[in-house]
Amino acid sequence: MELDERRISAVIVRRFMDRLLDSMDLDVAIVGGGPAGLVAGHNLAREGFKVAMFERKLSLGGGMWGGGMMCIQIVVKEEGAQVLREFGVRVLDEGEGYYSADSVEAVSTLISSATRAGLGVFNCVTAEDVTMREDRVVGLVITWTPVEMAGLHVDPLAIRSRFVIDATGHDINVVRVVERKVPGKLMTPTGRAEGEKSLWSHRAEELTLENTREVFPGLYVAGMSANATFGGPRMGPIFGGMLLSGRKAAQLVSRALRGQGGRG
Ligand code: 48F
């Protein structure tokens with residue numbers, strides 16, 4: 001068989017367009033492919049919901065690849081170690097309740113598990129805005145990251161989603177846009193994004209989980225986004241909170257979808 005370049009190109013374009021068209025109407029749109037978003041996406045996809053992830057960068061994994069200061073190891077407590085083991089990541093017992101894992105193995109395993117579970121991934125795609133109705137967020141406005149980077153004046157596209165999860169980490173990019181542009185208040189003490197506080201690993205681990213919840217009708221926060229939205233501290237290279245937050249976000253959204261007669 002002689003390879004035909006047109007055939008190669010056509011396969012790529014058709015497959016991608018099928019995926020994009022199929023994602024115009026989602027159960028859950030996850031913005032951000034860090035550890036929290038990946039666990040949430042994996043669990044929701046495994047339940048049978050129609051879920052897609054939009055990640056600004058070329059690669060998924062967010063801030064997990066680099067471990068702490070590019071020493072490619074992460075640290076977790078027992079509950080986080082348990083989540084990693086469930087995914088098949090090898091975990092070392094460091095004693096006294098500390099566990100470690102290779103960050104590259106952890107990220108690549110999460111990505112592989114999530115995509116195999118059925119999570120539709122759109123990398124190099126930035127969520128630049130949300131779509132709204134009177135009382136809730138109903139989807140995302142997306143564009144190619146290179147368009148955003150080049151500052152090109154190109155109109156975006158929009159997708160519909162019954163729920164959106166902001167898993168954009170420290171920057172809380174979806175929450176910020178809702179705070180700025182959607183009428184109404186966030187479900188935070190001040191009605192606005194409270195902003196992240198300085199590093200306190202122990203407290204941050206607890207708060208990440210507590211703060212993982214709905215922040216505006218139709219919009220949930222997970223991972224570092226939860227703490228930055230509700231005013232918790234950052235936690236440094238301890239990642240159990242991110243994993244458990246992703247799991248909790250999936251549970252909450254799953255319950256909400258089932259309450260609406262969802263597909264999963
Ligand atoms: O930052 P990130 O890894 O978020 P996370 O899952 O985990 C936080 C930890 O990595 C670390 C930490 C733990 O100690 O504090 O920072 O909460 O991943 C967030 C992802 O969101 C993408 C961004 O490129 C990153 O990969 N992202 C941010 N804004 C957008 C976006 C956007 N507007 N559209 C698409 N992706």
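Helices (H or I, at least four residues) and strands (E, at least two) are taken here as DSSP runs, numbered from the N terminus. The structure is a predicted model, in which local features need pLDDT of at least 70 and side-chain atom pairs count only at pLDDT 80 or more, while totals for chains, interfaces and linings use all residues. Residues are numbered from 1 along each chain as its sequence is written, and side-chain values use heavy atoms, with hydrogens and water left out.

**Salt bridges**

- A search of the whole structure finds 11 salt bridges, each being a side-chain nitrogen of Lys or Arg within 4 Å of a carboxyl oxygen of Asp or Glu.
- In helix α7, E206 and R203 are three residues apart and therefore separated by about one helical turn, and they form a salt bridge whose closest N and O atoms are 2.8 Å apart.
- E206 is partly exposed at a relative accessible area of 34%, and R203 is partly exposed at 29%, where buried means under 20% relative accessible area, exposed over 50%, and partly exposed in between (1.4 Å probe, protein chains only).
- The side chains of D27 and R162 meet in a salt bridge of 2.9 Å, N to O.
- This pair links distant parts of the chain, with D27 in strand β1 (residues 25–31) and R162 in strand β9 (residues 157–166), 135 residues apart.
- D27 is buried, with a relative accessible area of 0%, whereas R162 counts as partly exposed at 22% relative accessibility.
- R90 and E105 also meet through their side chains in a salt bridge (2.7 Å, N to O).
- Here R90 belongs to the loop between α3 and β4 (92–95) and E105 to helix α4, so that the pair, 15 residues apart, links distant parts of the chain.

**Helix α4**

- The 15 residues of helix α4 (residues 103–117) should span 21 Å at 1.5 Å a residue, which agrees with the 21 Å between its end C-alpha atoms; the expected span is 1.5 Å times one less than the number of residues.
- At the start of α4, a side-chain oxygen of D102 reaches to within 2.8 Å of the backbone nitrogen of V104, and just after the helix G118 takes a positive phi of about 115°.
- The buried residues of α4, including V107, L110 and I111, pack against α2 (35–46), β3 (73–76), α3 (78–87), β5 (98–102) and α9 (240–259), where contact means heavy atoms within 4.5 Å.

**Two loop residues**

- T212 lies in the loop between α7 (201–210) and β10 (214–216) and is buried, with a relative accessible area of 1%.
- A polar contact of 2.7 Å joins the side chains of T212 and S245; such a contact is a pair of N or O atoms within 3.5 Å, and within protein one must be able to donate a hydrogen and the other to accept it, while residues adjacent in sequence count only if both atoms are side-chain atoms.
- A polar atom of the T212 side chain also lies 2.6 Å from the backbone oxygen of T208.
- R136 lies in the loop between β7 (125–132) and β8 (137–144), is partly exposed at a relative accessible area of 22%, and reaches the backbone oxygen of R162 with its side chain at 2.9 Å.
- Not counting residues up to four places away in sequence, R136 touches several residues, among them F163, F216 and Q260.
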